[in-house]
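Here is a short briefing to read with the sequence and the 3D view open side by side.

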Amino acid sequence: MFNMFSGMLGLDVGIDLGSSNIVVYVKDKGIVLSEPSAVAVKKLPRGEGFQIIAVGREAKAMSGKVPAGIEAIWPLEGGVIANFDMTQELIKYCLRRVSSNSAFSAHPRVVISIPAEITEVERKAVIDATLGAGAGEAYVVEEPISAALGVGLPIDKPSGCMVIDIGGGTSEVSVISLGGIVVTSSLRTAGKMMDDAIIAMVRQRYSLLIGESTAEEVKNTIGSALPMNPELEMHVKGRDLSDGLPKSDIVSSIEVREAIEPILISIEDMVKTALEKMPPELAKDVVDRGIILTGGVSLLNGFAERLSRSVNTPVIPAEKPLYSVALGIGKILDNLNSMRRVLMSVERGSR
Ligand SMILES: Nc1ncnc2c1ncn2[C@@H]1O[C@H](COP(=O)(O)OP(=O)(O)OP(=O)(O)O)[C@@H](O)[C@H]1O
Ligand SMILES: [Mg+2]
């Protein structure tokens, strides 16, 4: 059960622990931190473990550029913990950053978001990593609930709202009614898979090897889900596969769209299946209200429009797609008393 007393004394922190970004909300302050969820480590000799070189933005900047012996790690994959120790380091870094700015440096109470479709073991790992990172208490909340709250949906009403969250590692569609998740479905296929598809396309067409950060920049700059007028082009730099020397080529938005097409189709299919599984009364609510689209990939050019056409329902992009989940956790922290329905789902994950 949520310990109301400790909340009065200490620091309440909300964390959206994403595969690409970690976003931190502090009660009464708002979002205080948003950084890539990357850690750069140096392996110590004779199996003596590792030394953390950088976390967050600095670690991402090192990705693909680090010398031998140093590794840039993304400890979360598909929305779940792939590397427990590094996830703990990531959370520790966030808690250190928020505690150092606060009068209350003692162990904060932390609410952390998790994908709706994860196993008990994966859920427990998130709680253990949060406690291990220094939290006094750790609670989890399902991401679709916090995303819906974050975009201002009335989740505790008996009418259905559908939220689609396409992040770096997960694509998740959920229907929420009366504060609970009625239908949910997810894929561990999202923005990072699009980056990988762009790397493969550039390699095949141009014999050019590019890194993950470059591919991400290509996707975010000229990527699209629908034909554009005019189509765009971009200079892309990397290493020539044949002679290993630096090389630059021009990549077009048409090629990028073709490369990410299979991923867009699988996301569309996931949404269609979720709509088919819905009770008819809820489906009516969803059509009336429109589907909310959030997560970083909702910024992809033409994506909301394409989804809307393919499911024949209005799709409304969130205003702050990278922050919806963290803002929703913030609403839980700010209104603990009035959030009882949502707290139930928090308690389900607590121990
Ligand atoms: N303009 C853009 N166009 C397309 N994709 C974008 C854009 N801006 C950001 N993204 C992508 O959004 C993804 C990150 O989104 P987000 O921060 O919601 O993910 P996350 O919460 O860390 O991951 P997950 O929830 O899947 O674990 C990255 O793949 C990033 O490249
Ligand atoms: Mg996310």
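The notes below go through a helix, a ligand shell, a helix pair and some individual residues.

Please keep in mind that this is a predicted model.

- The buried residues in helix 6 are G191, K192, M194, D195, I198, I199, M201 and V202.
- An α-helix has 3.6 residues a turn, so residues three or four places apart point the same way.
- Just past the end of helix 6, S207 has a positive phi of about 50°.

**Helix 7**

- In helix 7, the buried residues are T214, A215, E216, V218, K219 and I222.
- These buried residues of helix 7 pack against helix 6 and helix 8, and also against strand 15 and strand 16.

**The shell around ligand 1**

- Which residues come nearest to ligand 1? Of the 22 residues around the ligand, they are G18, S19, G167, G191 and G296.
- Helix 6 and helix 7 are the elements that give two or more residues to this shell.
- Helix 7 gives the most, with three residues.
- Sorted by class, the shell around ligand 1 holds 14 polar, five nonpolar and three charged residues.
- One of the nearest residues, G191, is also among the buried residues of helix 6.

**Helix 5 against helix 11**

- Two packed helices are described by the angle between their axes and the distance between the axes.
- For helix 5 (residues 143–150) and helix 11 (residues 324–334), the packing angle is about 85° and the axes are 6 Å apart.
- Angles of 65 to 115 degrees count as roughly perpendicular, and helix 5 and helix 11 are therefore roughly perpendicular to each other.
- Helix 5 makes the contact through E143, S146, A147, A148, L149 and G150, while helix 11 brings S324, V325, L327, G328, I329, K331 and I332.
- The residues of this contact of helix 5 with helix 11 comprise seven nonpolar, four polar and two charged.

**Backbone details**

- Most residues other than glycine have a negative phi, and most peptide bonds are trans.
- R46, which is not a glycine, has a positive phi of about 55°.
- R46 sits in the loop between strand 4 (39–43) and strand 5 (50–55), and it counts as exposed because it has 5 C-beta neighbours inside 10 Å.
- L178 also has a positive phi, near 50°, and lies in the loop between strand 12 (171–177) and strand 13 (180–187).
- Is L178 buried or exposed? With 12 C-beta neighbours inside 10 Å, L178 counts as exposed.
- The peptide bond from N229 to P230 is cis, with omega near 0°, and P230 belongs to the loop between helix 7 and strand 15.

**Single positions to look up**

- T170 is in the loop between strand 11 and strand 12, and it is buried because 27 other C-beta atoms lie within 10 Å.
- Beyond its neighbours within four places in sequence, T170 is in contact with S19, G78, G79, P115, S186, R188 and A190.
- One of these contacts of T170 is S19, a residue listed among those nearest to ligand 1.
- G330 lies in helix 11 and counts as buried, with 28 C-beta neighbours inside 10 Å.
- G330 and V13 are 317 residues apart in sequence, yet their C-alpha atoms are 8.1 Å apart in space.
- Leaving aside neighbours within four places in sequence, G330 is in contact with G14, Y25 and G30.
- D28 is found in the loop between strand 2 (21–26) and strand 3 (30–36), and is exposed, with 9 other C-beta atoms within 10 Å.
- The C-alpha atoms of D28 and D12 are separated by 8.9 Å, and the two residues are 16 residues apart along the chain.

Methods:
Residues are numbered from 1 along each chain as its sequence is written. Chains are lettered from A and ligands numbered from 1 in the order in which they are written. This is a predicted model: local features need pLDDT of at least 70, side-chain atom pairs count only at pLDDT 80 or more; totals for chains, interfaces and linings use all residues. A residue is buried if 20 or more other C-beta atoms lie within 10 Å of its own, exposed if 12 or fewer, and partly exposed in between; C-beta atoms are placed from the backbone. Helices (H or I, at least four residues) and strands (E, at least two) are DSSP runs, numbered from the N terminus. A residue is near a molecule or strand if its C-beta atom, placed from the backbone, lies within 6 Å of it. Ala, Val, Leu, Ile, Met, Phe, Trp, Tyr, Cys and Pro count as nonpolar, Asp, Glu, Lys and Arg as charged, and the others, Gly among them, as polar. Axes are lines fitted to C-alpha atoms, for helices over the stretch in contact, and angles run from 0 to 180 degrees between N-to-C directions. Angles under 35 degrees count as roughly parallel, over 145 as roughly antiparallel, 65 to 115 as roughly perpendicular and the rest as oblique. Two residues are in contact if their C-beta atoms, placed from the backbone, lie within 7 Å.
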